[in-house]
Amino acid sequence: MNKIQQNFMNTKLFWRNILWAVVIFILCSIPGDDLPNTPLISIPHFDKLVHFGMFFIMGIFLFAELSIQTKLKRIYNAVIILLLIAFYGGLIEYLQQNYFVHRSGDYWDLFADILGGVFAIIMYPWLKKQKDLLLNRKPFNKISFFKKIL
C-alpha cells in the first residue's frame, strides 16, 4: 500500500469512528418520551442489548483503526479501547443523568457498554479473519468496493 492509499485508509477509519461516536451520542440523547413504543422495546432490559451492540461496534471500529495506525501490541490496543469505551460510556451516562431530558444515567448501561467493548476485543481477530477470507473469495475478490468500505 503506497503512502496516499495509507493516508486515505487512516482518514477513512478516523472519520468512521467519529461518525459512530456521534450516532451513539444522538441515539442516547433522544428524550425517553420520544422513543417509539414497540413490542421489541418492551422486552425487559432491551436497552442493555442496545448499549452492548453500539459499543461492540465502536470497539470493532476502534480496534481496526488502532491496528492499522499504530504498531502497538494487541494488549495495549485492548487497554486503550476499554479506556476509551469506559470514558465515553461514562460520559454518556453522566449526560443522561444530568442534562438530557427524560433520560437517566444507569450503571448497568455503562456495564453493558464496557461488556460490548470487551466482546469486541475478543471477537475482532476472528471477525477480521472471516472478513478477509470472504473478500478473497470469488466474486468478492473482483469487487474493490467491498475492500474499501470494510
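**Exercise 1. Is Ile18 buried, partly exposed or exposed?**

Work on the predicted model.

*Solution.* 
- Step 1: Ile18 sits in helix α1, which spans residues 3–29.
- Step 2: The relative accessible area of Ile18 is 34%.
- Step 3: Buried means under 20% and exposed means over 50%, with partly exposed in between.
- Step 4: At 34%, Ile18 is therefore partly exposed.

**Exercise 2. Which residues form a nonpolar surface patch with Ile18?**

Name the members and give the area. Then classify three of them.

*Solution.* 
- Step 1: The patch consists of Phe14, Trp15, Ile18, Val22, Phe25 and Ile26.
- Step 2: A patch member needs over 30% relative accessible area.
- Step 3: Phe14 has 39% and is partly exposed.
- Step 4: Trp15 has 52%, so Trp15 counts as exposed.
- Step 5: Phe25 has 33% and counts as partly exposed.

**Exercise 3. How many aromatic pairs does the structure hold?**

*Solution.* 
- Step 1: The structure holds nine aromatic pairs.
- Step 2: The ring centres of Phe14 and Trp15 are 5.2 Å apart.
- Step 3: The planes of these two rings stand at 80°.
- Step 4: Planes over 60 degrees apart count as edge-to-face.
- Step 5: The pair of Phe14 and Trp15 is therefore edge-to-face.

**Exercise 4. Which parts of the chain does the pair of Phe25 and Phe100 tie together?**

Describe the geometry, place each ring and compare the burial classes.

*Solution.* 
- Step 1: Phe25 and Phe100 pair edge-to-face, at 5.6 Å centre to centre and 80° between the planes.
- Step 2: Phe25 belongs to helix α1.
- Step 3: Phe100 belongs to the loop between α3 (74–98) and α4 (107–135).
- Step 4: The pair therefore links parts that are 75 residues apart in sequence.
- Step 5: Phe25 is partly exposed at 33%, whereas Phe100 is buried at 17%.

One aromatic cluster remains to be noted: Phe52, Phe56 and Phe119 form it.

**Exercise 5. Where does the side chain of Gln96 reach?**

*Solution.* 
- Step 1: Gln96 lies in helix α3.
- Step 2: Its relative accessibility is 0%, so Gln96 counts as buried.
- Step 3: The Gln96 side chain reaches the backbone oxygen of Cys28 at 2.9 Å.
- Step 4: Leaving out residues up to four places away in sequence, Gln96 touches Cys28, Arg103, Ser104, Gly105 and Asp109.

**Exercise 6. Which residues does Asn77 touch, not counting residues up to four places away in sequence?**

Treat Asn77 in the manner of Exercise 5.

*Solution.* 
- Step 1: Asn77 lies in helix α3.
- Step 2: Asn77 counts as buried, at 2% relative accessibility.
- Step 3: With residues up to four places away set aside, Asn77 touches Phe63, Leu66, Ser67, Thr70 and Leu72.

**Exercise 7. How many helices and strands does the protein chain have?**

Then describe the whole chain by its burial, contacts and surface.

*Solution.* 
- Step 1: The protein chain has five helices and zero strands.
- Step 2: Along the sequence the pattern reads α-α-α-α-α.
- Step 3: Of the 150 residues in the chain, 29% are buried.
- Step 4: Take the contacts with a separation of 6 or more: 72% of them join residues 24 or more positions apart.
- Step 5: The accessible surface of the chain is about 10100 Å².
- Step 6: Carbon and sulfur atoms hold 72% of that surface.

Notes:
Residues numbered from 1 in each chain as written. Predicted model: local features only at pLDDT ≥ 70, side-chain atom pairs only at ≥ 80, totals over all residues. Heavy atoms only, no water. Patch = residues over 30% accessible without salt bridge, like charges linked within 9 Å, V, L, I, M, F, W, Y side chains within 5 Å. Areas by Shrake-Rupley, 256 points an atom, 1.4 Å probe, with all protein chains shown as cover. Salt bridge = Lys/Arg side-chain N within 4 Å of Asp/Glu carboxyl O. Helix = DSSP H or I, 4+ residues; strand = E, 2+ residues; numbered from the N terminus. Buried < 20%, exposed > 50% of the residue type's maximum accessible area, 1.4 Å probe, protein only. Contact = heavy atoms within 4.5 Å. Phe/Tyr/Trp six-rings, centres within 6.5 Å; stacked < 30°, edge-to-face > 60°. Polar contact = N/O pair within 3.5 Å; in protein donor to acceptor, adjacent residues only side chain to side chain.
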